[in-house]
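Visitor: Please show me how to read a model of this kind, one feature at a time.

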Amino acid sequence: MLASCLMPATVQAFADLIEISAQIKAAVVFDREGNVLASTLDDDRARILAGSGLGLLRAAEESRPDEETGLAQLDATLGDGCVFLVADGEHLIAATTAPEPTVGLVFYDLKSCLRGLAEEPEPEKPKRAPAKRPTTRARKKDDDASS
Amino acid sequence: MRARSLLTGVAIAVGSAAGALAYRRAAARRKERVELYFADGSMISLAAGAPGADRLLAHARELLAAAR
């Protein structure tokens, strides 16, 4: 995985995907300019995969019903495996599986991964000092001290 | 006579296996298709040979080959 140049959210979402989806053989997360954000493959193959994924996206977008409607997802069934592509805003994920996967499940896993990428980590809220209120123990100590 | 029957049997078995393999490959090729899902909820299914399908399938094959 190309973890070195990634944000922690990307790494976590991708690690989760690989862990939960046994059907996915290879996957790459990239943006619409072809920059690889995460992959299960080495750098060179990931770049080739992202380039092919981008080509697939552009070819698919030529089949769209109108200019405003974007491609949400696609699956290609080939003789020796399947290819999946899911788009979510600027991020895309392409994945391959063995023949006859559970299509719905693969799409679900890929979308979950992209959703994980889209989630911005929440900034830490400043911790508020706990409100001062007398506790039973404190009162008991006070009682002990006075006696 | 016996050797001839054996040879015939082997030839039939090999022929059947080759035929089954060829049929399986042809069936797999026929089954090749791309399904496109758009943001407005519409879906297009393109089987191999349909206009536009071959270009998409070529990209998909390239992607599958790169992943190996």
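Predicted model: local features only at pLDDT ≥ 70, side-chain atom pairs only at ≥ 80, totals over all residues.

Guide: Residues are numbered from 1 along each chain as its sequence is written, while chains are lettered from A and ligands numbered from 1 in the order in which they are written.

Visitor: Where is confidence lowest and where is it highest in chain B?

Guide: pLDDT is the predictor's confidence in each residue, from 0 to 100. Chain B has a mean pLDDT of 85, with 90% of its residues at 70 or more. Helix 1 (residues 2-31) of chain B is lowest, at a mean of 78, and strand 1 (residues 33-38) of chain B is highest, at 94. The model has ipTM 0.71 and pTM 0.71.

Visitor: How many helices and strands does chain A have?

Guide: Helices (H or I, at least four residues) and strands (E, at least two) are DSSP runs, numbered from the N terminus. Chain A has 4 helices and 5 strands, in the sequence order α-β-β-α-β-β-β-α-α.

Visitor: Is A:E100 buried or exposed?

Guide: A residue is buried if 20 or more other C-beta atoms lie within 10 Å of its own, exposed if 12 or fewer, and partly exposed in between, with C-beta atoms placed from the backbone. A:E100 is exposed, with 11 other C-beta atoms within 10 Å. Of the 147 residues in chain A, 37% are buried.

Visitor: What is the phi of A:E100?

Guide: Most residues other than glycine have a negative phi. A:E100 is not a glycine, yet its phi is positive, about 55°. A:E100 sits in the loop between strand 5 (91-97) and helix 3 (103-118) of chain A.
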